[in-house]
Structures are given as C-alpha cells and as structure tokens.
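Here are a few friendly notes to read alongside the structure. Keep it open and look up each spot as we come to it.

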Amino acid sequence: MFGAKHCHRDNVSIAPTQPTAQSKPHPADGAPMSNASLPLRHFLLALAVVAVWGTNFVVIRVGLDHLPPLLFATLRFTLVLLPVAFFVKRPPVSWANLAAYGVLIGAGQFGLLFVAMKGHISPGLASLVVQTQVFFTIGMAMRINREPIKAFQIAALLLAASGIVLIAAHGGGSATPLGVLLVLLAAASWSGGNIVARQAGSVNMLAYVVWASLFSIPPLFLMSLWLEGWPAIVKGVTHADALTWVAVAWQAVGNTMFGYAAWGWLLARHPAATVTPMALLVPVFGMGASALLLHEALPAWKLIAAALVLTGLAVNMLWPKVRAWRAAAA
C-alpha cells in the first residue's frame with residue numbers, strides 16, 4: 001500500500017505507502033509547522049488515511065476474486081497514471097530515479113503482494129507482515145550511511161521477527177510459507193523504493209508516484225502476459241463485475257490519491273514524529289476489516305503475533321521520542 005520514509009540517524013519513521021516529510025519540510029501556503037499534538041480535525045484526517053490504507057487489503061482481496069494478481073496490479077498503476085499525469089506536472093527528478101522507484105514499488109512491492117494475497121496469505125496477516133519494510137529500510141539506510149545499529153533497534157527487530165516466525169509456524173490456512181516469503185520480499189522492495197524516493201529530495205509525492213507509475217506498468221503487464229497468459233488476462237477483464245472495477249479504482253483514487261495528498265498535507269504542517277505514529281494503526285484496521293468483512297479468524301497465536309510485530313514497530317518508532325522526553329525532563 002504503498003511511499004517514501006524519512007530516515008533519521010536514530011530511527012526510520014514509518015507509514016505505509018505514503019509520502020515522507022524531509023528533515024525540514026516546508027509548510028504549504030505559509031502555514032507554520034506545529035510541534036504540538038494533532039488538532040482534532042487533523043487527527044481525524046490522519047485516522048481516515050490509515051483506515052483507508054488498512055482496509056485496502058480487503059479491497060485487494062475482493063479484486064483478486066476475478067482478476068489475476070499481476071493484471072490487477074497493472075490496472076492499478078494504469079489508473080494512477082492516467083489521466084492524472086495530464087494534470088500533474090512531472091517532479092524535478094531524473095527519469096532514472098522515477099524508473100527505479102516505479103519498478104521497485106510496482107513490480108516489486110505490489111506485484112509480489114498481490115501474488116501472495118491470491119491464496120497464499122490472508123489480508124489481515126498481509127497488512128501486518130508487510131510492515132517489516134521498516135526494518136529493511138533501517139538496514140539499507142544504515143548500510144548506505146555506515147551507521148551502527150542501536151540497541152533499541154535490535155530489540156525492536158527481535159520482537160517483530162518473533163511475530164513473523166510465529167505466523168510462519170502457525171499460519172495454516174491463513175498464511176503459507178510461500179505467502180510469508182512473498183510478502184517479506186514485497187516489504188524489501190518497498191524499502192528499496194523508500195531509499196530511492198529519499199534520494200529524490202523534497203518533491204510533491206503525489207506527482208512523484210503518478211509519474212513513477214509510468215515505469216510500473218510495463219514490467220507488470222509483461223509479467224502478467226508471461227506468467228498468467230493472454231487467455232487469463234482476457235477472461236479476467238471480461239468477467240470482472242462492477243465490484244471488481246470499484247476495487248481497481250479504489251487502489252488509485254482512495255489508496256493513492258487521497259492517501260498521498262492527505263498524508264502529505266499533514267506532514268507539511270506537523271513534524272513527522274507527530275504524524276507517523278498513526279501508521280501503527282494500519283495493521284489494526286487491516287486485521288479488523290479482514291475479520292469483520294471476510295470473517296478471517298483471529299485465534300490467540302495470530303493476536304500474539306500481531307502484538308509482537310506492532311510492539312517491535314512501536315519500539316523502533318517511539319523509543320527515540322521517549323528518550324528525548326526523558327532527556328528534556330532531566
């Protein structure tokens with residue numbers, strides 16, 4: 001679901017498929033950046049975004065009922081690109097940067113995620129496992145910047161990894177080993193996209209994602225043609241019902257355009273450390289919507305695994321902030 005992250009020396013801010021504030025974001029329209037907690041209206045907007053991103057895993061599952069996964073991903077990025085590219089100016093970044101991001105996020109993240117969700121992992125667990133992109137991003141950023149890993153990051157990684165191991169061991173009908181592996185690879189691709197997007201600098205992330213989609217479509221379509229075949233493509237398109245096309249449209253309009261625009265608006269007005277903790281609710285919405293709408297079971301092992309992964313994410317995200325508060329109070 002799917003954007004760049006802002007990498008700090010001590011931490012990597014997370015938020016699924018979303019734009020990132022740079023180290024010194026520029027408030028839109030001259031609005032001053034607030035250091036306080038989110039006002040109620042801004043909090044509700046952030047809540048709406050994470051709810052869309054979380055419940056989108058159920059929407060993906062609905063679309064996969066009629067469409068082959070790689071074709072579904074192709075259509076998703078086609079609707080992101082067209083017709084929006086005619087109204088949004090290409091951001092001032094190189095074509096190579098846009099191509100790298102488009103391939104990593106399109107063919108890598110979403111291609112693999114959609115394949116995994118076609119019978120290999122449930123939407124709720126997919127929304128949880130894909131959040132491991134945080135730790136892949138940390139590893140990549142540290143390798144690039146040659147920074148040592150911190151003790152709290154090791155603790156966070158161990159907590160989250162234990163939850164993933166629990167999912168792999170007890171997945172049963174909810175997650176196969178192949179499904180977990182595919183989502184982990186999708187998370188790694190997402191992390192690569194994060195690093196590429198960060199190298200683009202401070203840009204309009206909605207425009208960035210729209211134009212990068214130009215490079216997501218060809219590899220996805222070629223893989224669909226090769227692995228799924230032309231007959232499956234024709235059958236998927238001709239047999240898709242109205243609900244399936246709503247699911248495809250929602251990937252572009254709700255998940256990307258509303259999500260990116262709203263999250264970017266919030267990050268322009270508030271510090272990333274104030275906004276990004278809301279991203280911890282994405283798997284909560286994902287698992288809750290999957291249980292409510294798709295009747296995905298929530299046995300004890302799944303809740304424990306979710307608690308371990310979310311605790312690991314929370315430690316990674318919030319520990320530097322807690323440490324700063326303690327230092328200021330001392």
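1. Start with a spot in a loop. H295 sits in the loop between α12 (281–293) and α13 (300–329). Please bear in mind that this is a predicted model.

2. Now look at the backbone of this residue. H295 is not a glycine, yet its phi is positive, at about 60°. Most residues other than glycine have a negative phi.

3. Residues 133–145 give 13 residues, and at 1.5 Å a residue the helix should span 18 Å. The C-alpha atoms at its ends are 18 Å apart, which agrees.

4. Which residues of α5 are buried? They are Q133, V134, F135, T137, I138, A141 and M142. These buried residues pack against α6 (151–170), α7 (177–199) and α13.

5. There is also a cis peptide bond to find, joining L82 and P83, with omega about 5°. P83 lies in the loop between α2 (69–81) and α3 (95–117). Most peptide bonds are trans.

6. Finally, step back to the whole chain. It has 13 helices and zero strands. Of its 330 residues, 53% are buried. The accessible surface comes to about 14000 Å², and carbon and sulfur atoms account for 72% of that.

How values were computed:
Residues numbered from 1 in each chain as written. Predicted model: local features only at pLDDT ≥ 70, side-chain atom pairs only at ≥ 80, totals over all residues. Heavy atoms only, no water. Helix = DSSP H or I, 4+ residues; strand = E, 2+ residues; numbered from the N terminus. Buried < 20%, exposed > 50% of the residue type's maximum accessible area, 1.4 Å probe, protein only. Areas by Shrake-Rupley, 256 points an atom, 1.4 Å probe, with all protein chains shown as cover. Expected span 1.5 Å × (residues − 1). Contact = heavy atoms within 4.5 Å.
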